[in-house]
Amino acid sequence: MKKLLIVLAISLFAFFETNAQVEYKVVTSVESIVPNGLGRSRIISANDTKDYKQFTSTQTEEDNTRNKSKRGEIRVKGFDETKLLNFYNIGGIRFQNIAANDAIIESKINTMIEEGWELAFVTSGVESEGGKGDGQGIFITRYLFKRNKQ
């Protein structure tokens, strides 16, 4: 009987844990890989919320009306912007800058974990310099956090 009660209690806890309402937060780091240190690198975290439905249209054969939202309606004004260092300086790649960025990003992640967020997923991509005269490039990482709604 005791074992049955323990199994039941664990099952109920698991049920309520999986059915708890969850909220998500995306934090993005953008690190410049522009030669000569000319780019800008930041961690961006939106404080404002948006409802994607306001900016979405459904296309059908009968109705292909597009969403007419203006850019200004989509933009958020409330966000945190944390300065990072660029990967390159005038002398080339700067490993000290990468280590500094890692320390700042770790601090952001650890602070969010202390605030009850769990790091659920990380994805990254790069758009590197396309050859002579391009001079463009970023390394972008998105950190997806989740927690039970409070």
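Helices (H or I, at least four residues) and strands (E, at least two) are DSSP runs, numbered from the N terminus. The model is predicted: local features need pLDDT of at least 70 and side-chain atom pairs count only at pLDDT 80 or more, while totals for chains, interfaces and linings use all residues. Residues are numbered from 1 along each chain as its sequence is written, and side-chain values use heavy atoms, with hydrogens and water left out.

Two strands pair if DSSP finds at least two bridges between them. Strand S1 (residues 22-32) joins strand S2 (residues 41-46) through four bridges; Val-27 has Ser-45 in S2 as its bridge partner.

Val-27 also belongs to the largest nonpolar core, a group of nine residues that includes Ile-43, Leu-84, Ile-105 and Tyr-143. Such a core is a set of buried Ala, Val, Leu, Ile, Met, Phe, Trp, Tyr and Cys residues joined through side-chain atoms within 4.5 Å. Helix H3 supplies the largest share of the core, three residues.

Asn-101 is located in helix H3. Its relative accessibility is 0%, so Asn-101 counts as buried. Buried means under 20% relative accessible area, exposed over 50%, and partly exposed in between (1.4 Å probe, protein chains only).

| Residue | Contacts |
|---|---|
| Ile-105 | Ser-29, Glu-31, Ile-43, Leu-84, Tyr-143 |
| Asn-101 | Glu-31, Leu-84, Leu-85, Phe-87 |

One aromatic pair is found in the whole structure. The ring centres of Phe-87 and Phe-139 are 6.3 Å apart and their planes stand at 40°, so the pair is tilted. Rings of Phe, Tyr and Trp (its six-membered ring) pair if their centres lie within 6.5 Å; planes under 30 degrees apart count as stacked, over 60 as edge-to-face and the rest as tilted. Phe-87 is buried at 12% relative accessible area, whereas Phe-139 is partly exposed at 29%.

Definitions and conventions. Contact = heavy atoms within 4.5 Å. Lists of a residue's contacts leave out its neighbours within four places in sequence.
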